[in-house]
Amino acid sequence: MAHPTRSAGILLHPTSLPGTFGVGDLGSAAYAWIDWLVSARQTWWQILPLNPPGAGNSPYSSFSAFAGNPLLVSPQSLREEGFIDDRDWSGANFPADNVDYAAVISFKQRILMRAYENFRNGRAGNLRGAFDAFREEKKHWLGDYTLFMAIKDHYLGRGSQEWPADLRRREPAVLAKAQADLADGMGLHAFQQFLFFRQWFFLHDYASKRGIKILGDIPIFVARDSADVWAHPELFQFDADRNPKAVAGVPPDYFNADGQLWGNPLYDWAKLKETGYAWWIERLRATLALVDTVRLDHFRGFEAYWEVPASSATAKTGRWVKGPGADFLAAVRKGLGSLPLVAEDLGVITPEVEALRDQFELPGMRVLQFAFGDDFRNPYLPHNYTSK
């Protein structure tokens, strides 16, 4: 009987890489990290979501499920490609042991704005065709995202639920006017995405050629203040005024007597099923274009999720509701041709969740720290790991 090949890796999000620009990025330190993984005989580099962080600067609360994080763009690489000069990052002085996000965001926005101005004025002109091709390739999500972000900028970062009602409802005439008025801002955000994807694909190619695979991450839910929710409200459980009928969370447990009230809008799985789960399949396809395998966050929510009334102050008043289960995963497998996924099956997991995971032969997760202080049957002890 053949045994599966054992491999090992390390979890480190790019923002934790060392550097002089306030937050880890996709520059020289990222390449050095890959070289170190090779020297340490590792196979996997696990990261968190690469999407632009929203509330709390968390990648699990993002402005887009498709876009990349502009804070990861390397100023060093921008200089090497001719977008900016050394003097453009003068005054960069950040703490070495933590990320001051307010300062980093201000600094990176200034750098990226300067790079865009220089590009429009002819710098790095050899990449004009590549930029145009990128906008065409990503148009299925990029247009909504860049308009969403340009409107946020116009309203000084206010959440989309605070915008004028006609913009929230995406009335065609109002959208057309916003696109015309905010064309420069949309161009800037498209350019930032072009830079992120360009730098990431160079890095991923470098890793692949050295035998390092990247394990990415997809949060099960999306943020209410996101381009996804704004552009596709029909896919979520909203009332006529586009306010959530119910929100996501988890019930009380040994960590929190009130449960956890996450507040994300819940999917309308019946509507998604009518589309063949098209939005979800495109989301997975987009993420798998960036990484080799994806950790599917809160996997148990696909079997059953905790639904909390939107008016509730805690998650205690919620209830379990059946998720899309096997129907969803079968559609994903058909759409993608395979299931390069890892099920995040931590916490209190029911036999139904385990059966769903095993039906589609998805590897689960084990955390070594959970193995201590129990008997030999503890599933987190290495000798109890499954071989799949």
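1. Starting with H11 and H13: the axes of helix H11 (residues 278-288) and helix H13 (residues 325-336) come within 10 Å and cross at roughly 50°. Axes here are lines fitted to C-alpha atoms, for helices over the stretch in contact, with angles from 0 to 180 degrees between N-to-C directions. That makes H11 oblique to H13 (under 35 degrees counts as roughly parallel, over 145 as roughly antiparallel, 65 to 115 as roughly perpendicular, and the rest as oblique). The crossing of H11 and H13 is right-handed, the near helix being turned clockwise from the far one by less than a right angle.

2. A word on provenance: this is a predicted model, where local features need pLDDT of at least 70 and side-chain atom pairs count only at pLDDT 80 or more, while totals for chains, interfaces and linings use all residues. Residues are numbered from 1 along each chain as its sequence is written, and side-chain values use heavy atoms, with hydrogens and water left out. Helices (H or I, at least four residues) and strands (E, at least two) are DSSP runs, numbered from the N terminus.

3. Back to that pair: Trp280, Ile281, Leu284, Arg285 and Leu288 of H11 meet Phe328, Ala331, Val332, Gly335 and Leu336 of H13 (contact means heavy atoms within 4.5 Å). By class, the H11 contact with H13 splits into 8 nonpolar, 1 polar and 1 charged. In this scheme Ala, Val, Leu, Ile, Met, Phe, Trp, Tyr, Cys and Pro are nonpolar, Asp, Glu, Lys and Arg are charged, and the others, Gly among them, are polar.

4. Next, H8 (residues 183-209) and helix H4 (residues 128-137): their axes come within 10 Å and cross at roughly 100°. That makes H4 roughly perpendicular to H8. On the H4 side the contact uses Ala130, Phe131, Phe134 and Arg135, and on the H8 side Gly187, Ala190, Phe191, Gln193, Phe194 and Phe197. The class count for H4 with H8 is 7 nonpolar, 2 polar and 1 charged.

5. H8 also packs with helix H5 (residues 139-154), the axes coming within 8 Å and crossing at roughly 125°. That makes H5 oblique to H8, and the crossing of H5 and H8 is right-handed. Among the H5 residues in this contact are Trp141, Tyr145 and Met149, while those from H8 include His189, Ala190 and Gln193. The contact of H5 with H8 has 9 nonpolar, 5 polar and 1 charged residues.

6. Now the open space: the second largest pocket has a volume of about 490 Å³. On a 1 Å grid over the protein atoms alone, a pocket is an open set with protein on both sides within 12 Å along at least five of seven lines, a cavity is a set of points where a 1.4 Å probe fits but cannot get out, and lining residues have an atom within 4 Å of a point. Grid points are joined across faces, edges and corners, and a volume is the space filled by probe spheres set on the points. This pocket has 22 lining residues, with Phe63, Ile105, Gln109, Met149 and His189 closest to its centre. Helix H3 (101-120), H5 and H8 each give two or more residues to the lining of this pocket, and H3 has the largest share with 5 residues.

7. Finally, the structure holds 3 cavities of 30 Å³ or more. The largest cavity is about 140 Å³, with Leu50, Asn51, Asp217, Thr287 and Leu290 nearest its centre among 18 lining residues. Strand S3 (213-218) and H11 each supply at least two residues of that lining.
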